[in-house]
Amino acid sequence: MTTQARNVQSVAQIVGQQLSSVAFNMDYLELSFESRILTLLTPVSVHSPAGIVCQSDLGWREALCSRIGHSVSAVGMRDDHLCVDFDTGFSIAASLRTTGAGRDGGDRIRNRTGIPGSRLG
């Protein structure tokens, strides 16, 4: 099983959970769900019925944060991206394109257990 496949399988545990917070750090992003925290060290875009908003676009942070409080309906791979789909028709896509070093890109996403009821930050 590739690192990408393991990531999808591991991240799938957030299906049915709400996005509870988004943390913007210097060179990575953390998405906190009810029991998991996804650390994304890769470009992230927000997909909606109206279009795609990329990190370099005006309104990207707002589009991402507008997902807080919404539940995840599915997790999967699409076009070298890990996609987290929400119950509202929106999705968050994290690039898993391979690096020049021959790595499979799956190391760009870290998935860990959060502590329910604790302050994440």
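Visitor: What makes the link between the side chains of Ser45 and His47 a polar contact?

Guide: The two side chains come to 2.9 Å. A polar contact is a pair of N or O atoms within 3.5 Å; within protein, one must be able to donate a hydrogen and the other to accept it, and residues adjacent in sequence count only if both atoms are side-chain atoms. The 2.9 Å value falls within that limit, so the term applies.

Visitor: What should I know about the model?

Guide: This is a predicted model: local features need pLDDT of at least 70, side-chain atom pairs count only at pLDDT 80 or more, and totals for chains, interfaces and linings use all residues. Residues are numbered from 1 along each chain as its sequence is written, and side-chain values use heavy atoms, with hydrogens and water left out.

Visitor: Why is Ser45 called buried?

Guide: Its relative accessibility is 9%. Buried means under 20% relative accessible area, exposed over 50%, partly exposed in between (1.4 Å probe, protein chains only). So 9% makes Ser45 buried. Across the protein chain, 39% of the 121 residues count as buried.

Visitor: Where does Ser45 sit, and which residues is it in contact with, leaving aside neighbours within four places in sequence?

Guide: Ser45 belongs to strand E4, residues 44-48. Strands (E) are DSSP runs of at least two residues, helices (H or I) of at least four, numbered from the N terminus. Its contacts (heavy atoms within 4.5 Å) include Ile52, Cys54, Trp60 and Ile92.

Visitor: Why do Phe24 and Trp60 count as an aromatic pair, and what makes it edge-to-face?

Guide: Centre to centre, Phe24 and Trp60 lie 5.8 Å apart, with 70° between the planes. Rings of Phe, Tyr and Trp (its six-membered ring) pair if their centres lie within 6.5 Å; planes under 30 degrees apart are stacked, over 60 edge-to-face, the rest tilted. So 5.8 Å makes a pair, and 70° makes it edge-to-face. The structure holds 1 such pair.

Visitor: What does the pair tie together?

Guide: Phe24 lies in strand E1 (residues 19-24) and Trp60 in helix H2 (residues 60-65), so the pair joins parts 36 residues apart in sequence. Trp60 is buried at 5%. Phe24 is partly exposed at 35%.

Visitor: How do you know that the charged end of Arg61 sits over the ring of Phe24?

Guide: The distance to the ring centre is 5.5 Å. A charge qualifies if NZ of Lys or CZ of Arg is within 6 Å of the ring centre and within 35 degrees of the ring normal. Arg67 lies over the face of Phe90 at 3.7 Å.
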